[in-house]
Amino acid sequence: LHLCDRRQRQMCIRDRNRIYGKDGYHIEYSVTDACNRNCVACSHLAPLAKRPNFVSIEEFARVTGILHKCLPDIHTFWLTGGEPTLHPEFIRLLGIAREIYPEAYIGIYSNGTTLNKHESDELFWEFIRENGIVCGITVYDKDLTYYNDLFERHDCINNYAETLNKFEEDMKQYASEHMGEPASQTSFGSIKIWVSGSTLYISTK
């Protein structure tokens, strides 16, 4: 993963140790189960959602604050879904995550299909740059050059991470190492938390 140069210089030595070590937690927060695709193999089961569900700003800030108290030193905080960019306040959610976790990688996993709405939105790209937001794009319909050109045009090429090939590699490795190993899981009212490998997942559905 890459960040803008300012944060990258500050964090590169520590991040190398954390990435290649086993001391960095990755939090994935599912902010919606709404999606504009219908993938058969969706690991978040988004196609089965009967109606859109969006986490509220208040709930997101509350739960992320609790997570910070429990896990103050994480490596990465990802917004996931569904398709997280369908959340009407996803930019605000990223800002809250950055405020609570100022030293972590803050990212959003997306299928990239909604980015065309922001092609000419300079305030959007300024937010991405200034907050060091990593956009993990799983490419489906558009050519890779579209995303490379889009992020480079807005001086955000270091904020772009194409995830499809890396995801396939990670899944193969994880399957070979953990096949048949159950993930630990717990629930606190409407909050569902489960751990798989070194990744902590959270849902407030």
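## Basis of the model

The structure is predicted, so local features are given only at pLDDT of at least 70 and side-chain atom pairs only at pLDDT 80 or more, while totals for chains, interfaces and linings use all residues. Residues are numbered from 1 along each chain as its sequence is written, and side-chain values use heavy atoms, with hydrogens and water left out.

## Overall fold

The chain has six helices and eight strands. Here helices are DSSP runs of H or I with at least four residues, and strands are runs of E with at least two, numbered from the N terminus. Starting at the N terminus, the order is α-β-α-β-α-β-α-β-α-β-α-β-β-β.

Of the 205 residues in the chain, 42% are buried. Buried means under 20% relative accessible area, exposed means over 50%, and partly exposed lies in between (1.4 Å probe, protein chains only). The accessible surface of the chain is about 11700 Å², and carbon and sulfur atoms hold 52% of it. These areas come from the Shrake-Rupley method with a 1.4 Å probe; for residues, only the protein chains shown count as cover.

Among contacts in the chain with a separation of 6 or more, 74% join residues 24 or more positions apart. A contact means heavy atoms within 4.5 Å.

## Strands β3 and β4

β3 and β4 pair in the parallel sense over five bridges. Two strands count as paired if DSSP finds at least two bridges between them. One of the links joins Ile-106 to its bridge partner Ile-133 in β4.

How many of the five residues of β4 are buried? Five of the five are, so β4 is largely enclosed by the rest of the structure. In a regular strand, side chains alternate between the two faces of the sheet. In β4, Ile-133, Cys-135 and Ile-137 point one way, and Val-134 and Gly-136 point the other way.

## The cavity

The structure holds one cavity of 30 Å³ or more, and the largest cavity has a volume of about 70 Å³. A cavity is a set of points, on a 1 Å grid over the protein atoms alone, where a 1.4 Å probe fits but cannot get out; lining residues have an atom within 4 Å of a point. Grid points are joined across faces, edges and corners, and a volume is the space filled by probe spheres set on the points.

The lining of the largest cavity includes Phe-90, Ile-108, His-118 and Cys-135. Both β3 (105–110) and β4 (133–137) supply at least two residues of this lining. By class, the lining has six nonpolar, four polar and no charged residues. Ala, Val, Leu, Ile, Met, Phe, Trp, Tyr, Cys and Pro count as nonpolar, Asp, Glu, Lys and Arg as charged, and the others, Gly among them, as polar.

A cis peptide bond, with omega about 25°, joins Gly-81 and Gly-82. Gly-82 sits in the loop between β2 (76–80) and α3 (90–100).

Leu-45 is not a glycine, yet its phi is positive, about 60°. Leu-45 lies in the loop between β1 (26–30) and α2 (57–70) and is exposed, with a relative accessible area of 54%. Asp-155 also has a positive phi, near 60°. The place of Asp-155 is the loop between α5 (144–153) and β5 (160–162), and at 62% relative accessibility Asp-155 is exposed.

Arg-98, in helix α3, is buried at 5% relative accessibility. Arg-98 and Gly-132 are 34 residues apart in sequence and 8.8 Å apart in space, C-alpha to C-alpha.

Key:
On a 1 Å grid over the protein atoms alone, a cavity is a set of points where a 1.4 Å probe fits but cannot get out, and a pocket is an open set with protein on both sides within 12 Å along at least five of seven lines; lining residues have an atom within 4 Å of a point.
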